Amino acid sequence: MTWASAGPPPHRPARSALAYSALMVLSRGWALFLTGVGIWTWVIWPRFAVAIWKDPRSWSTGTVGEFPATGFLWIHALLIAASLAIGTTVGVLGVRAWLAARRTDRSTH
């Protein structure tokens, strides 16, 4: 793609300024990819959480569900929570990008 066929070049901020754009355009492919990453996160991490819960290393007595829990459980719980939060955010951005692309396509036809 050349600039002539795509219109004028995008605004480029000064080197000292932060890169910022009020309008960001994602292709439908990228929107679908981001949505897929969000879904994948919710498929994988809860299953991992169950495996960590059932692991005897998660419990100081070695018996599943008997508190107190060990650092093994807590660090994995933190990892799982952070991954689900990030995956959810990425998935929501993907869905929003997909919907924005649909709105743009409808307005141009």
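Me: Which residues make the nonpolar surface patch?
Reply: L32, V95, W98 and L99 make the patch, which covers about 330 Å². Patch residues have over 30% relative accessible area and no salt bridge, with nonpolar side chains (Val, Leu, Ile, Met, Phe, Trp, Tyr) joined within 5 Å and like charges within 9 Å. A salt bridge is a side-chain nitrogen of Lys or Arg within 4 Å of a carboxyl oxygen of Asp or Glu. Areas come from the Shrake-Rupley method with a 1.4 Å probe; for residues, only the protein chains shown count as cover.

Me: What kind of model is this?
Reply: This is a predicted model, where local features need pLDDT of at least 70, side-chain atom pairs count only at pLDDT 80 or more, and totals for chains, interfaces and linings use all residues. Residues are numbered from 1 along each chain as its sequence is written, and side-chain values use heavy atoms, leaving out hydrogens and water.

Me: Back to the patch. Which helix gives the largest share?
Reply: Helix α3, residues 71-108, with 3 residues. V95 is found in that helix, α3. Helices are DSSP runs (H or I, at least four residues), strands likewise (E, at least two), numbered from the N terminus.

Me: What sits over the ring of W98?
Reply: The charged end of R28 does, 4.9 Å from the ring centre. The rule: NZ of Lys or CZ of Arg within 6 Å of the ring centre and within 35 degrees of the ring normal.

Me: New topic. How many aromatic pairs are there?
Reply: The structure has 5. One of them is W45 with F48, edge-to-face, 5.4 Å centre to centre and 85° between the planes. Rings of Phe, Tyr and Trp (its six-membered ring) pair if their centres lie within 6.5 Å; planes under 30 degrees apart are stacked, over 60 edge-to-face, the rest tilted.

Me: What's the overall pattern?
Reply: α-α-α along the sequence, with 3 helices and 0 strands.
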